[in-house]
Amino acid sequence: MDAIVVEDLRKSYGDVQALDGISFTVGEGEVFGLLGPNGAGKTTTVKVLATLTKPDSGRAEVVMQDVVKDPNGVRRTIGYVPQGSGVDRDATGRENLMLQGRIQRMHGAQLKSRVNELLRLVGIEEAADRVVRGYSGGMKRRLDVALGLVHRPRVVYLDEPTTGLDPEARVSMWEELGRIAGQEALTILLTTHYLEEADHLANRLAIVSRGHVVVEGTPNRLKQSREGDSVTVELVDGSTPEARAIIESLNGIREVRVEGRLLRSRVENGARAIPQILSALDRSGIAVDAVDSHRPSLDDVYLHYTGRDFSEEDEAITE
Amino acid sequence: MNVARDTWYMVGRQARNLMREPIWIALLVIQPLVWLTLYGQLFKHVTNLPGGGFGTTSYITFLAPAIVVMNAFFGGTWSGMAMISDLDREVIPRFLATPVSRFALTASQVVRAALIATIQGLIILLISLALGVRIDTGFEGWLIVIVTAGLVAAPFAALSTAIALLTRKEATMIAVANFIGLPLLFLSSTLIAINQVPHWIQVTSRYNPVNWGVDAARQVVLPGTDWGSVGEHIGLLFALTLAMTGVATWTFRAYQRSL
């Protein structure tokens, strides 16, 4: 059975088309990643699925409940971990969890033991009775996750769960989330703009750009769709048209893209292609600044399907 | 049933967070006390004006209940700041993704402001006592002044919460608080007896909720209390609180449309 069905959602804010026909489904028990740069429509999608805002058109269902027609049914089914942090900083970790449980209609000993269990699960037991103001960013985020889990929801949305965390806290958060996903038998919808995070956590993911899904599949399938290695050559000057022609004429080269002084080539085997490329360029007197070869990554997948470099697009939008 | 329970939980959250830093409630009383002592001195002799209407020869006795109300009114108009902080910190979106009653969310802001106003009202009254103010109707009078403080803070807190939900900007909040603050204060009998002010202000003040509060609180402090007028003004304030809380709850729709 599908836990989440999203069909042709559209929503605009003034002139900005935030959602432009986004569609995907998430099976029960899956960890599904929505991957894309800031402004691609990930957070808006989650807000629609969390009943915080209504779409202009299209349909969204969570465990067979329509987000527009039965918002309270959806609200009981989901746990929502907002982007940033939604914790009450003037309350303790335990007080935050107790209140969240109560407004999800839990009470008594059952709620108390659930709160203790979660404090242990996310590893903030020792700080449970301290006011959140004094928590580190990582601890706050763990509390956020626990808040989303109090009422044992069947579906949890994690909106950029590790944005703003330092690399160390991020990696430990990944471990935590991986363990929780296994232990709580949850369907998780994760949004992220870290390729590495999607690769690490999601069973399946969709690349989102400009309000719709560009491509969807398991991380491995997506990477395999980009067969071969990627070789990037950085030239000293701008003689790229010549260099491109030279590289394209070599054996085993599939495609060459030019970005400024960078030439990105898809090749069958990076280790064999690099000496060929370098000597061919050397013969023509084209100076090379740097060269790099790597196995296909989600970055390449992203680049292929959107025609844009992930980090560049991200920066352009953030600015 | 759920609405009552949710309201109880949300009020509990507000009260707990408030009591965690009780010193702020007391510190915020300093400003009204400065008003009380300075105005008390400045206008000391206005009670001798021909035409009278002050009901007492002690201006500070005339002024003290009005300062309690003024403080409650200012506190209410500023209280939307707490909502803005909850919105900025994503606390409200997190609550909105649960089945919690929206009324509980606004009502708890209103109760919070009313709670602060009553505690501060009590402190101001105690200090007024030390300055020689006597409350003519005794215990009931104390009670009514305090309740009035809460009921003046409440509708303005609801208004302030609604503005917070609509604009989500501190700057707008400050502008609105300033825009309505002083006019409503001066279009009332807060500082001077109503028969000493121009006719148009007398008429306007009848529709001014701040003046309803000043009248109710002052009636019980001064001799010759008109209990009918006290009841009427408290009733009006209560009705206004309900109406404004309803409006604030309704603005959640507008807020969610903007998400």
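Author: The answers below set values against definitions.
This is a predicted model, in which local features need pLDDT of at least 70 and side-chain atom pairs count only at pLDDT 80 or more, while totals for chains, interfaces and linings use all residues. Residues are numbered from 1 along each chain as its sequence is written, and chains are lettered from A and ligands numbered from 1 in the order in which they are written.

Reader: How many helices and strands does the secondary structure of chain B come to?

Author: Chain B has 12 helices and zero strands. Helices (H or I, at least four residues) and strands (E, at least two) are DSSP runs, numbered from the N terminus.

Reader: What makes the radius of gyration of chain B agree or disagree with that of a compact globule?

Author: The radius is taken over C-alpha atoms, and the globule rule is 2.2 Å times the number of residues to the power 0.38. For 259 residues the rule gives a value near 18 Å, and chain B has 19 Å, which agrees. Along its principal axes, the C-alpha trace of chain B spans about 60 × 35 × 35 Å.

Reader: Why is α5(A) called largely enclosed by the rest of the structure?

Author: A residue is buried if 20 or more other C-beta atoms lie within 10 Å of its own, exposed if 12 or fewer, and partly exposed in between, with C-beta atoms placed from the backbone. In α5(A), 12 of the 13 residues are buried, so the helix is largely enclosed. Among them are M139(A), L143(A) and L147(A). The buried residues pack against elements of chain A, including β6 and α3, together with α6 (91-96) of chain B. Here contact means that C-beta atoms, placed from the backbone, lie within 7 Å.

Reader: How do you know that the length of α5(A) agrees with its number of residues?

Author: The expected span is 1.5 Å times one less than the number of residues. For the 13 residues of α5 (residues 137-149) of chain A this should be 18 Å, and the end C-alpha atoms are 19 Å apart, which agrees.

Reader: What describes the packing of α4 and α11 in chain B?

Author: Their axes are 9 Å apart, at an angle of about 145 degrees. Axes are lines fitted to C-alpha atoms, for helices over the stretch in contact, and angles run from 0 to 180 degrees between N-to-C directions. The contact includes V68(B) of α4(B) and V214(B) of α11(B).

Reader: How many residues does each chain give to the contact between chains A and B?

Author: Chain A gives 24 residues and chain B gives 19 residues. On the side of chain A, α3(A) gives the most, with four residues.

How values were computed:
Contact = placed C-beta atoms within 7 Å.
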